[in-house]
Amino acid sequence: MPDESSERESGDDTESALEARLAAGETYEPPASFVEQANVSDPGIYDDFEENWPDCWEQAADLVSWFDEYDTVLEDEDAPFYRWFTGGTLNASYNCLDRHVEDGAKNRAAIKWEGELGETRTYTYGDLLNEVEAFAAALQELGVEEDDVVTLYMPMIPELPIAMLACARIGAPHSVVFAGFSADALATRMNAAESEYLVTCDGYYRRGDPLNHKEKADKGLRGVDHDVETVVVDRLGDELEHFLGANAHDYDELVSDHAGASVEPVERDAEDMLFLMYTSGTTGQPKGVKHTTGGYLSYAAWTSHAVLDVKPEDTYWCAADIGWITGHSYIVYGPLTLGTTTMMYEGTPDYPDKDRLWELIETNTVDIFYTAPTAIRAFMKWGTGYPDAHDLSSLRLLGTVGEPINPRAWTWYYEHIGGESCPVVDTWWQTETGGMMITTLPGIGEMKPGSAGPPLPGIDAKIVDAAGEEVGAGNAGYLTVQNPWPGMLRTLYNNDDRFLNEYWQEYSDPDADEWVYFPEDGAKIDEDGSITVLGRVDDVINVSGHRLGTMEIESAIVGVEGVAEAAVVGGDHEVKGQAVYAYVILEDGQEATDGMHDRIVEGVEDSIGPIARPEEVLFTPELPKTRSGKIMRRLLEDIASGEELGDTSTLRNPEIVEEIADQVGEN
Ligand code: WT7
């Protein structure tokens with residue numbers, strides 16, 4: 001007689017069984033079929049890189065074509081202002097386009113784009129080169145010269161990578177501002193970069209509706225202190241009328257006027273700036289992370305080759321937005337340098353239905369898929385019916401990036417998307433690092449759900465305590481990187497001091513000329529050398545993989561009339577990872593009305609964008625403060641995450657904690 005309990009045991013893991021399995025740190029071997037064909041499969045690479053450091057990085061530089069060979073791999077005289085591949089010259093657009101066309105890949109698809117409504121566009125390497133040259137000629141005609149910063153404020157449409165490559169071709173660094181950022185955020189970034197050129201578009205589709213983007217761009221331009229030449233891409237055609245004012249030009253007209261133009265790729269020095277990317281930090285002012293041409297491009301190509309296993313014949317899809325570093329390195333520069341087919345999708349994963357991504361993987365026979373844990377958690381919530389309805393057998397490798405992935409999400413991804421036959425690489429890195437730093441090599445390493453893995457070959461990542469001493473296995477500490485790498489940021493734009501303060505202060509010993517990079521993450525290391533990244537230890541929070549500065553949000557809230565003080569923290573969120581919690585004190589005589597709530601939310605959306613919208617706004621007469629007057633942020637985080645509240649006895653006003661916690665309970 002079949003007994004019920006044994007039947008249950010042989011079925012799916014119960015939650016507790018799964019948890020036990022994961023807690024035991026079960027590891028997964030990469031499938032033999034993957035290892036056989038992997039770009040990198042010799043475990044000797046780790047020792048090789050260690051023994052031959054820094055010359056090992058020639059392997060990365062060899063993946064790009066140089067006009068003039070470099071003389072020196074690494075110059076460290078002015079550390080931490082390191083210089084890589086000095087004496088070398090190259091052009092990123094040449095590397096992403098011309099050389100593939102010259103090698104006979106003119107008709108290979110470079111970009112396969114799908115719009116939200118289902119329209120598709122394919123650019124072969126030949127097409128892409130032609131359009132990039134035409135647009136580069138147009139930019140030159142508008143006055144763009146080498147080293148002028150061009151701001152790109154566009155959603156996921158092909159003209160965004162085209163504009164990036166056109167800028168790279170003429171040696172004009174681009175500064176891409178995520179399309180979801182607000183008008184104010186655009187203005188702040190254009191002012192900080194003294195950028196006199198803007199490429200934007202009329203609008204785009206979101207969940208089937210046309211969204212007016214140009215309105216936002218125009219509003220942003222009113223906040224820019226200097227004159228700007230603007231180019232507008234017509235994405236929506238008749239769906240949305242738009243007018244070009246003074247100093248504004250139509251993209252299609254410019255490109256057709258310059259059709260057939262030939263624009264020589266300028267020889268850029270290895271250390272010349274390729275682009276700027278603004279990211280959030282501890283203060284209210286975003287940081288302009290500067291990446292260079294030689295080191296960054298080599299590193300993006302190397303990690304795409306070694307970790308994402310990209311091959312020219314692949315169809316590769318990173319479902320990030322080009323407005324973030326992930327899209328720069330792993331939609332545009334890495335994959336195109338390697339000559340593969342890179343996919344772009346304009347819309348959201350649940351439109352028109354929750355199987356859109358799986359449908360795209362099936363119809364495009366995608367080989368490699370790279371996304372964020374927040375997306376995976378949403379897929380899990382939607383259920384296995386959506387992926388199960390599609391043939392995902394073309395997949396060979398899966399990746400995740402942007403935030404810690406919980407083991408349950410990892411195993412779900414491995415089983416239901418990868419069919420237990422694709423390695424999953426959990427890649428830790430940052431805007432500042434330019435490319436991946438900590439992850440397994442999929443053709444070599446055992447995978448451990450929830451843990452990113454060992455540092456990549458040549459990367460000296462160590463977990464240290466507050467005094468900078470290495471912590472033992474099993475202990476939590478601070479993540480540090482103790483040697484430089486080619487993809488590293490070179491400085492913060494126009495702000496060397498802040499660069500030194502933000503990244504090189506805590507653990508370096510300048511007198512001994514010892515430089516340790518501090519990424520502001522906490523982490524833990526296991527016996528086997530595998531690193532689990534625990535999250536930020538500064539005032540930066542990670543909402544759906546988007547990096548937000550709590551100070552930026554606080555200053556937006558304090559800017560709302562009637563608000564006296566605000567404290568913003570991240571609280572745990574099932575899908576987003578973290579969500580924004582705002583604790584707000586109003587000025588005397590102000591009422592905590594729905595109207596006030598809405599004005600605060602609007603204030604945040606106006607100054608940063610909807611991604612920073614508070615999950616909850618909690619009005620409170622006071623904030624929990626220590627006797628010395630410091631806000632106890634940890635307590636606010638515990639309240640937001642619904643956790644047991646720690647010791648409140650050191651507070652000046654312990655009674656306020658219960659009061660706020662009760663309010664959260666009610667909402
Ligand atoms: C922060 C960097 C990396 C490109 C996208 C985000 C967190 C990133 C992981 C990971 C745990 C991760 C860190 C990091 N993070 N990847 N695999 N596991 N945490 O770039 O906006 O510069 O954010 O994202 O906290 O510091 P970013």
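Which residue has a backbone N or O atom that lies 2.8 Å from a nitrogen atom of the ligand? The residue is Thr-427, and the pair qualifies as a polar contact, defined here as two N or O atoms within 3.5 Å. The model is predicted, with local features requiring pLDDT of at least 70 and side-chain atom pairs counting only at pLDDT 80 or more, whereas totals for chains, interfaces and linings use all residues. Residues are numbered from 1 along each chain as its sequence is written, and side-chain values use heavy atoms, with hydrogens and water left out.

A backbone N or O atom of Gly-402 lies 3.1 Å from a nitrogen atom of the ligand, while the side chain of Arg-547 places an N or O atom 2.7 Å from a ligand oxygen atom. Taken alone the ligand exposes 550 Å², of which the protein buries 96%, areas being computed by the Shrake-Rupley method with a 1.4 Å probe. The surrounding shell holds 17 residues, the closest being Asp-426, Thr-427, Thr-431, Asp-521 and Arg-547; a residue is counted if one of its heavy atoms lies within 4 Å of the ligand. By class, this shell has six nonpolar, six polar and five charged residues, where Ala, Val, Leu, Ile, Met, Phe, Trp, Tyr, Cys and Pro count as nonpolar, Asp, Glu, Lys and Arg as charged, and the others, Gly among them, as polar. At least two shell residues come from each of α13 (325-337), β20 (424-427) and β25 (531-536), these elements being DSSP runs numbered from the N terminus (helices H or I, at least four residues; strands E, at least two).

Elsewhere, helix α7 (residues 125-142) and helix α8 (residues 159-170) have axes that come within 8 Å and cross at roughly 65 degrees, with axes fitted to C-alpha atoms over the stretch in contact and angles running from 0 to 180 degrees between N-to-C directions.

The peptide bond from Trp-53 to Pro-54 is cis, with omega near 0 degrees, and Pro-54 lies in the loop between α4 (45-51) and α5 (58-61).

Definitions and conventions. A polar contact is a pair of N or O atoms within 3.5 Å; within protein, one must be able to donate a hydrogen and the other to accept it, and residues adjacent in sequence count only if both atoms are side-chain atoms.
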